Amino acid sequence: MSRPVSRVLTLLELLQAGGVRSVAELAERLGVGERTVRRYVDHLVDLDVPVESVRGRYGGYRLAPGHRMPPLMLTDDEALAVLLGLVAGRRTGVTAAAGTAGETAAAKVRRVLPERLRHRLDAVLDSLTFTTAPAGSAAPEAAVLLPVADAVRHHRPLAIRYTGGRGGSGERTVYPYGLVAHAGRWYVTGRDLSVGAERTFRLDRIDGARVLPGTFEPPPGPGPAERVLTALATAPYRHEVTVRVRGTAEEIRALLPRSVAVVAAQDGEGEGWCRVEIRAERLDWLPGLLASLDRPFVVERPDELRGLVADLAGRLMDAARGTPPPRD
């Protein structure tokens, strides 16, 4: 590639980074004079690249917003970041691209890469393995995600058609407070005007979303992420567990996922205690979790959990003594 063409493409890459670039800055980055920079800009304009001239003390050149910019200029590191982001996003379920959109996007990026770089990136992708199983597909449709995000950003009411976990569906009007990605799923949290209370909705269960006229003022208090984690931890389950654990709330929260447990400090004698509330469909995993805290704890409810903790304690004592387990 000849040096003038290479510099014109480098100029385009600099402008694609965003913002207004002064002529002096561009001349320094390209290693040419300011008159040459203006000539390169004319070349881009001749190619229908929408370069705008900004006058004034802080003027220079910028790209007009809202235009698709050909060609896509990526360094080796940027191309690797894009492709790995698409692969990891699909793997964890976080990528907001339903169906094959993530795969087609990756294919388009690979198609415009130089052959040398494409082969090197293919070597990375072909040799990459993950330690976790692929997450189930829970990516929201763009037709849902975009209006929800617009309503969140501009504090506008949102009409959604929602299918709950038990299969019931219906129309809801929501004041959305925020979008949250957690454990491979997308959530919107806000006030459900249909029931007059705060609710958390999974985006993959929203069939349609429509921004409504008007605005609202989000309430003070916890941020969207904390609201979603609290909602997940307090969702109705078969068992409601209450345990008192010795330690500060900060220490215990660092040991328990916030989507699993609600921790509240309690006043007591000597070192402080906290009340931990957990809701679960099964109790068999809780004794091991409580033992892993390595702190004194007292099970308040249910009684069944006390028996499971005692059974685990007995098995641990047998293991410590080297006593073989009984034959079935």
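In the contact between helices α2 and α3, the residues Val23, Ala24, Leu26, Ala27 and Leu30 of α2 meet Glu34, Val37, Arg38 and Tyr40 of α3, where contact means heavy atoms within 4.5 Å. By class, this contact comprises seven nonpolar, no polar and two charged residues; Ala, Val, Leu, Ile, Met, Phe, Trp, Tyr, Cys and Pro count as nonpolar, Asp, Glu, Lys and Arg as charged, and the others, Gly among them, as polar.

The model is predicted, with local features requiring pLDDT of at least 70 and side-chain atom pairs counting only at pLDDT 80 or more, while totals for chains, interfaces and linings use all residues. Residues are numbered from 1 along each chain as its sequence is written, and side-chain values use heavy atoms, with hydrogens and water left out.

Helices (H or I, at least four residues) and strands (E, at least two) are DSSP runs numbered from the N terminus. Helix α2 spans residues 23-30 and helix α3 residues 34-46; the two pack at an angle of about 95°, with their axes 9 Å apart. Axes are lines fitted to C-alpha atoms, for helices over the stretch in contact, and angles run from 0 to 180 degrees between N-to-C directions. The helices α2 and α3 are therefore roughly perpendicular to each other, a term covering 65 to 115 degrees, whereas angles under 35 count as roughly parallel, over 145 as roughly antiparallel and the rest as oblique.

An open sheet is formed by five strands in the order β6-β5-β4-β3-β7, with antiparallel pairing; two strands pair if DSSP finds at least two bridges between them. The edge strands, β6 (197-202) and β7 (206-211), each pair on one side only. From one strand to the next, the twist averages 40°.

| Strand pair | Bridges | Residues opposite each other |
|---|---|---|
| β4 and β5 | eight | Tyr175 and Arg191 |

Helix α8 (residues 224-233) lies across β4, β5 and β6 and runs at about 115° to β4.

Val309 is located in helix α11 (residues 303-321). Leaving aside residues up to four places away in sequence, Val309 touches Pro287, Phe297 and Val299. Val309 and Gly288 are 21 residues apart in sequence and 8.1 Å apart in space, C-alpha to C-alpha.
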